[in-house]
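Keep the model open while reading.

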Amino acid sequence: MIEVVNVTKKFGDFTAIQDLNFKVGNGSIYGLIGYNGAGKTTLLKTITGVYKPDGGEVRLDGENAFDNAKMKQHMFYVPDDIYFAPYANMEKMAKFYNGFYPDFSFDTFRKLAEVFGLDTKARINGFSKGMQRQAEIVLGISTKPDFILFDETFDGLDPAKRALIKNLLNEYMSDTNASVIVSSHDLHELEGLCDHFGLINGKKLVLDSSIKELSEGRAKFRIVFKNDVSQDDIKNVGIDVKSFKRDGRIIVITVKGSEKETAEKLNSLSPIMVEPMPLSLEEVFLDEMEGTNYDFSKIF
């Protein structure tokens, strides 16, 4: 389990993240969402021990993570900016990682390299950006980590490789009970992968929830009424309307509340049709960001 407890990280007078609290359980994939510059990378580097927190602590299976060599042997971090030595190939990197990670598996390494179609004897700096990321993921999984952190994992990958990595993560997590964090500014990449996610905004975690809890707390409907029904009419039956769109006689609403209870309230307005619709993570994200004001004064 990864526990982030009241973690704050500053760079001089600038506070990058402040009082963050969340847990990533065993056998869980946690999606970390936020716009570029929100503090996702700072948080991941603080969890891995690259940065020392200025407040709070990170715990790995109950132990303080910072400067903990034993626990770091069971953690792997795939950063946004991948770096390899100028003339390194995957074979050399595998031997290098084997010296630091006692559970490194050359069998897993070679099987995964074959699955991804990577030449382990070719110079890695000759790989494309996407291939370099795949190489690091292959090496990382081969260390058999209990804690895995990915920063913008799917950047530079084609759809087939993205699907392959998602399947790999799900399979590895279910087999090993590992704790996984995947950060992204692209919500589409995390849908169908994560069972929990957190939203960083304004240095703080403004949302920390399981997908199940979110789906129970929000709903989306397509509705058709015989008569002209306004947004206020829908609100007046006790529905917390978050968005309202009309296209002719068809109305699409997103609401805060359970799908079942909302459908019952909508039926009290005698609609011709009430149809539940899937609510995407992007819509949840925009709902949570609603009303956020950005200070552009420092830009100009």
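Why does Phe104 count as buried? Because its relative accessibility is 8%, and buried means under 20% relative accessible area, exposed over 50%, partly exposed in between (1.4 Å probe, protein chains only). This is a predicted model, where local features need pLDDT of at least 70, side-chain atom pairs count only at pLDDT 80 or more, and totals for chains, interfaces and linings use all residues. Residues are numbered from 1 along each chain as its sequence is written, and side-chain values use heavy atoms, without hydrogens and water.

Now the rings. Rings of Phe, Tyr and Trp (its six-membered ring) pair if their centres lie within 6.5 Å; planes under 30 degrees apart count as stacked, over 60 as edge-to-face and the rest as tilted. The structure holds 9 aromatic pairs. Phe22 and Tyr30 are stacked, at 4.7 Å centre to centre and 20 degrees between the planes. Both Phe22 and Tyr30 are buried. Phe104 pairs edge-to-face with Phe106, at 5.1 Å and 70 degrees. Phe106 is partly exposed, at 27% relative accessible area. Ring pairs also join Phe76, Phe96, Tyr97, Phe100 and Tyr101 into a cluster.

Next, the interior. A nonpolar core is a set of buried Ala, Val, Leu, Ile, Met, Phe, Trp, Tyr and Cys residues joined through side-chain atoms within 4.5 Å. The largest has 46 residues. Ile29, Met90, Val138, Phe150 and Val182 have the most contacts inside it. Beyond its neighbours within four places in sequence, Val138 is in contact (heavy atoms within 4.5 Å) with residues including Met90, Phe109 and Leu118. Another core, of 24 residues, lies apart; Leu20, Tyr77, Leu149 and Ile181 are among them.
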